[in-house]
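Thanks for coming. I have one structure to go through today, and I will keep it short. Let me put it on the screen.

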Amino acid sequence: MHFDIFCRVIDNFGDIGVCWRLARQLADAPDGHQVTLWVDDIHRFQRIEASVGVQPVQSLTHNIKVVHWTTPAPLREPGDVVIEAFSCDPPETFVEAMKAKGSLWINLEYLSAEAWVESFHAVPSLQSNGLRKFFFYPGFTSNTGGLLRERDLLAQRDAWQADARQRAALLAALQVPADVIAGLQAGWRQALLFGYPGAPATALIHALEATQSPWVVLVPQGMHPNIINVATPHVRVVEIPFVDQAGFDRLLWSSDLNFVRGEDSLVRALWAGKPLVWHIYEQEDDTHLIKLQAWLAQSGYPDAVGQLMMAWNKKEDAAARRHLDAVLQYPAWNDWVAAAARRTDSLAQQPDLATNLTTFCAKNC
Ligand code: TRH
């Protein structure tokens with residue numbers, strides 16, 4: 001099949017992060033689909049994928065093309081399936097051409113663990129122009145579209161985790177000081193902190209310090225400026241450059257504790273199988289807290305972990321500190337480590353999103 005994926009960058013990196021991952025997974029499928037990825041903000045794309053140039057149309061691999069989605073949009077023949085990410089509205093001229101071609105239209109929705117998702121997933125969205133359009137919901141249960149996961153991802157992760165030299169080489173390439181790398185090799189624990197502004201990062205440093213064992217906190221460039229270069233007796237904070245998505249995965253795999261946000265980094269931290277704290281994307285009227293609660297309810301995490309995530313998202317410093325103190329202590333820490341691994345194992349039993357999507361499209365094309 002030939003897929004078009006339309007991506008409008010609203011903010012940050014999640015929109016293009018999800019679309020780029022999906023494009024590669026469709027292209028890497030055993031049937032090797034053709035993919036055209038339309039992106040309105042090429043510069044944002046370049047932050048997570050250095051091979052992207054600024055040409056209006058470029059071939060990134062033998063079966064992935066990237067088109068700069070400008071206004072007016074370039075005229076191109078639509079594929080068998082057109083995916084609009086997050087209701088981003090493909091151009092009208094393109095929709096006209098989809099009618100002539102008879103393309104299948106998929107609206108790839110946001111990720112949520114709320115119960116209603118199961119009943120909306122794969123439901124038709126009636127179109128007056130006669131096109132066949134369906135909602136496709138990612139999710140955490142087998143009655144949803146599932147989660148993005150490359151076929152060999154967990155094997156790659158295990159191989160990476162088994163080879164300490166690769167981790168040291170990655171950290172050295174990111175200019176992490178040699179004494180910090182040596183400390184990590186000697187057993188210091190590593191946290192990766194990728195959250196939204198206002199996250200209780202200072203409370204985190206104090207809580208890590210209170211464990212009385214050494215920690216390194218890696219912070220992607222530009223995030224959490226209030227704690228950069230902090231050094232307490234047991235905690236070193238190191239700012240690292242932005243890396244590509246493969247590098248980001250490796251950082252998650254080699255951390256003991258991951259703080260992630262949005263949508264895509266959450267899923268990647270789930271595949272890392274380590275304790276994680278999710279800073280969910282903020283929405284009006286605290287809708288995001290309802291989504292967070294729904295996700296926690298099906299997570300199997302200890303209650304204290306759920307309380308920590310609520311405090312983290314409400315940006316409540318004192319409560320976050322209290323709950324961090326609780327979950328970082330033994331034996332609570334071990335319970336969290338075990339629950340995180342169980343959650344990953346159970347999610348990995350389900351088919352991945354790209355497989356579910358191609359099966360659905362093949363049936364409906
Ligand atoms: O960046 P995010 O907050 O993105 C989004 C957007 O705000 C979007 O509008 C909203 O729809 C969505 O969240 C819910 O968080 P997210 O989704 O985790 O995306 C981050 C991406 O950046 C992810 O693909 C991983 C990637 N990344 C790198 O490739 N290298 C890095 O160094 C870092 C820190 C991240």
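I start with helix α8, where Ala201, Ala203, Leu204, Ile205, Ala207, Leu208 and Glu209 are buried. Please keep in mind that this is a predicted model. Helix α8 covers residues 201-210, and seven of its ten residues are buried, so the rest of the structure largely encloses it. Note that the buried set includes Glu209 as well as Leu204 and Ile205. Just after α8, glutamine 212 has a positive phi of about 60°.

Now the overall division of the chain. Domain 1 takes in 2-147 + 351-364, and domain 2 takes in 153-348. Between the C-alpha centres of domain 1 and domain 2 there are 29 Å. In the contact, domain 1 contributes 20 residues and domain 2 contributes 22 residues.

How much area do domain 1 and domain 2 bury between them? The figure is about 1,900 Å², with 56% of it on carbon and sulfur atoms.

Next, the polar side of that interface. Five residue pairs are in polar contact across the interface of domain 1 and domain 2, counting pairs with both residues at pLDDT 80 or more. As for salt bridges, the rule finds one across this interface. A salt bridge is also found for aspartate 264 and arginine 21, with 2.8 Å between the closest N and O atoms.

Which helices supply at least two residues each to the side of domain 1 that touches domain 2? They are α1, residues 14-27, and α2, residues 42-48. Of the elements on that side, α1 gives the most, with six residues. By type, the residues on the side of domain 1 that touches domain 2 are ten nonpolar, five polar and five charged.

Is glutamine 25 buried or exposed? Its relative accessible area is 8%; the cut-off for buried is under 20%, so glutamine 25 counts as buried. Beyond its neighbours within four places in sequence, glutamine 25 is in contact with Leu148, Arg149, Glu150, Arg268, Asp352 and Ala354. For one of these, arginine 149, there is a specific distance: its backbone nitrogen lies 3.3 Å from a polar atom of the glutamine 25 side chain.

That is what I have; we can go back to the picture for discussion.

Methods: Residues are numbered from 1 along each chain as its sequence is written. This is a predicted model: local features need pLDDT of at least 70, side-chain atom pairs count only at pLDDT 80 or more; totals for chains, interfaces and linings use all residues. Side-chain values use heavy atoms; hydrogens and water are left out. Domain bounds come from an automatic or database domain assignment. Contact means heavy atoms within 4.5 Å. Buried area is the accessible area (1.4 Å probe) that two parts lose on being put together, summed over both. A salt bridge is a side-chain nitrogen of Lys or Arg within 4 Å of a carboxyl oxygen of Asp or Glu. A polar contact is a pair of N or O atoms within 3.5 Å; within protein, one must be able to donate a hydrogen and the other to accept it, and residues adjacent in sequence count only if both atoms are side-chain atoms. Helices (H or I, at least four residues) and strands (E, at least two) are DSSP runs, numbered from the N terminus. Ala, Val, Leu, Ile, Met, Phe, Trp, Tyr, Cys and Pro count as nonpolar, Asp, Glu, Lys and Arg as charged, and the others, Gly among them, as polar. Buried means under 20% relative accessible area, exposed over 50%, partly exposed in between (1.4 Å probe, protein chains only).
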